[in-house]
Amino acid sequence: MPGTLCLTFDDLFVANWVAARPVFAEHDARVTFCVSHLHEATPAQIEGLHLLQSDGHEIACHTRTHPRLKPYLKAHGLDHWLEHEVDRAIAEHRAAGFPARSFACPFHASTPETRTALATRFEVVRAEGPRSLDPANPASRIYSEIPASRCLDNLGVADMQHKAFPGWRRQHTLLDLIARTDGLAVFTGHDIRDRKSGPGFYSTARQIGRLLEAATTRGITVKPA
């Protein structure tokens, strides 16, 4: 097989994710939606997440309230973070019908201690972001199997409208590497909008379709880790 792309989208942009369902269906792609603030979700948002789950997409955990890790740990400590931001989020996800088998670190932030603790709670933990990638060794973030740490660091971005987007040539280079290396790699994004509408972490539905087309034409499977 020429490789697998785990495409993830963070936060709680449920209506826009639901609106993008035809794009995923067109390319037979299954992705992961990493949800925070589930306790504040409306009934319509919960229904939308269940619809996405019924399509075969994964609903993952992204902490309860999406705090920045370093100041939180400094103020409250690791045990408090695990109780209030991780374990409560897991309980709320499962009560709503989502298994919470994987976790995405907000702002790609982690410590050795948080990684160790998360590995006892989740099958997969999405950690370091693309900005910390060693440009001389991108293949280090293409995995032949889930590591013992359960942590997968991000290879690429799926926010094609954000200023940090490195351009389509870079996307194609990374996809070519995934196809050649025959492993699993993670791209991370956020919102999906109908059209370009100012700054923010997002892509248009057309751009997501372009990314999926580029992946599937290379024989890459798009599915959760």
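Biologist: In β11, which residue is the bridge partner of Leu5?

Modeller: First, the ground rules: this is a predicted model, where local features need pLDDT of at least 70, side-chain atom pairs count only at pLDDT 80 or more, and totals for chains, interfaces and linings use all residues. Residues are numbered from 1 along each chain as its sequence is written, and side-chain values use heavy atoms, with hydrogens and water left out. Strand β1 pairs with β11 (residues 221-222) in the parallel sense over two bridges; strands (E, at least two residues) and helices (H or I, at least four) are DSSP runs numbered from the N terminus, and two strands pair if DSSP finds at least two bridges between them. In β11, the partner of Leu5 is Val222.

Biologist: How many bridges join β1 to β8?

Modeller: β8 covers residues 184-189 and runs parallel to β1. Thr4 stands opposite Leu184 there. The number of bridges joining β1 to β8 is six.

Biologist: Which residue in β2 stands opposite Asp11?

Modeller: β2 spans residues 32-35 and pairs with β1 in the parallel sense, over four bridges. Opposite Asp11 stands Val35.

Biologist: How many of the eight residues of β1 are buried?

Modeller: Buried means under 20% relative accessible area, exposed over 50%, and partly exposed in between (1.4 Å probe, protein chains only). β1 (residues 4-11) is largely enclosed by the rest of the structure, because the count of its buried residues is eight of eight.

Biologist: Which residues of α6 are buried?

Modeller: Helix α6 covers residues 112-119. What covers its buried residues includes α4 (69-76), α5 (78-95), β4 (102-104) and β5 (124-126), by contact (heavy atoms within 4.5 Å). The buried residues are Thr114, Ala117, Leu118 and Ala119.

Biologist: Which residue meets Arg115 in a salt bridge?

Modeller: A salt bridge puts a side-chain nitrogen of Lys or Arg within 4 Å of a carboxyl oxygen of Asp or Glu. Here the N to O distance is 3.4 Å. The pair links distant parts of the chain, 38 residues apart, from α6 to the loop between β6 (151-152) and β7 (156-157).

Biologist: What is the N to O distance between Arg21 and Asp55?

Modeller: Their side chains form a salt bridge. Arg21 lies in α2 (residues 21-26) and Asp55 in the loop between α3 (43-54) and β3 (58-61), 34 residues apart. Arg21 is partly exposed at 27%, as is Asp55 at 25%. The distance is 2.5 Å.
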